[in-house]
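Dear colleague,

Please find the structure below, with its sequence. My notes on it follow.

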Amino acid sequence: MKERIIVFDLEMLNQDPASICSIGIVEMIDLQVVSTYYSLVKPDNLSYDPYCYKVHKIKPNKLYKEKRFKEVYNEIKHYFEESIVVSHDIQGDMLHLREALKQAHIPYPRLKMSCTNVLSHIIYPEINKYNLKDLLKSIDYTYEAHHALEDALGASYLLKHLLVQANVDTLEEFHQKYQLDFGEMKEN
């Protein structure tokens with residue numbers, strides 16, 4: 001059976017938990033990238049946050065003509081239904097995704113969750129920094145940090161690397177080998 005994994009990343013416009021301003025998605029089947037998706041998103045709350053801007057360089061005025069989350073989610077919901085969904089900060093990213101779904105009155109998808117940050121702690125317990133940029137640099141992968149699609153592509157590369165280091169062929173095997181439960185999201 002083929003293993004389908006969705007690796008995603010979000011950028012936030014401000015401190016509002018639903019202020020998703022960009023999303024990047026990488027769809028992998030048997031650890032091979034088969035599709036990608038990127039979109040800017042116009043959140044309801046367009047207030048400017050200097051810290052967030054410093055991270056991703058997206059200003060509110062760049063988002064006025066972009067699609068709202070509900071429209072973007074209609075384009076991407078097939079990625080999240082009945083999938084294994086991975087990000088480098090699954091708790092943070094899912095908190096924002098759940099809040100945006102809630103505010104848009106969209107039922108939660110049914111999915112399993114995993115996190116490359118958690119997996120990295122298992123494979124590399126001795127290192128000091130587990131942020132995506134430093135982890136990728138340590139395995140000679142360079143990319144544009146804090147661009148949602150670039151971060152998702154980087155996390156998918158890191159995921160493949162971690163599975164090789166664990167000597168497993170699938171993410172399911174990794175979770176079994178290290179007795180690690182998948183997180184779950186269920187409708188409503």
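Beyond its neighbours within four places in sequence, S39 is in contact (heavy atoms within 4.5 Å) with C21, S22, I23, K67 and V72. S39 belongs to strand β3, residues 32–40, and is buried, with a relative accessible area of 7%; buried means under 20% relative accessible area, with a 1.4 Å probe and protein chains only. This is a predicted model, in which local features need pLDDT of at least 70 and side-chain atom pairs count only at pLDDT 80 or more, while totals for chains, interfaces and linings use all residues. Residues are numbered from 1 along each chain as its sequence is written, and side-chain values use heavy atoms, leaving out hydrogens and water.

In helix α4 (residues 116–123), the buried residues are T116, L119, S120 and I123. They line one face of the helix, because they fall within an arc of 105° seen down the axis of α4. The arc is taken from the directions from the helix axis to the C-beta atoms. Among the elements covering these residues are β4 (83–87), β5 (111–115) and α7 (171–177). Helices (H or I, at least four residues) and strands (E, at least two) are DSSP runs, numbered from the N terminus.

The largest pocket is lined by 26 residues, and D9, L10, E11, V55 and H146 lie nearest its centre. A pocket is an open set of points on a 1 Å grid over the protein atoms alone, where a 1.4 Å probe fits, with protein on both sides within 12 Å along at least five of seven lines; lining residues have an atom within 4 Å of a point. Strand β1 gives the most to this lining, with 5 residues.

Yours sincerely

Methods:
Buried < 20%, exposed > 50% of the residue type's maximum accessible area, 1.4 Å probe, protein only.
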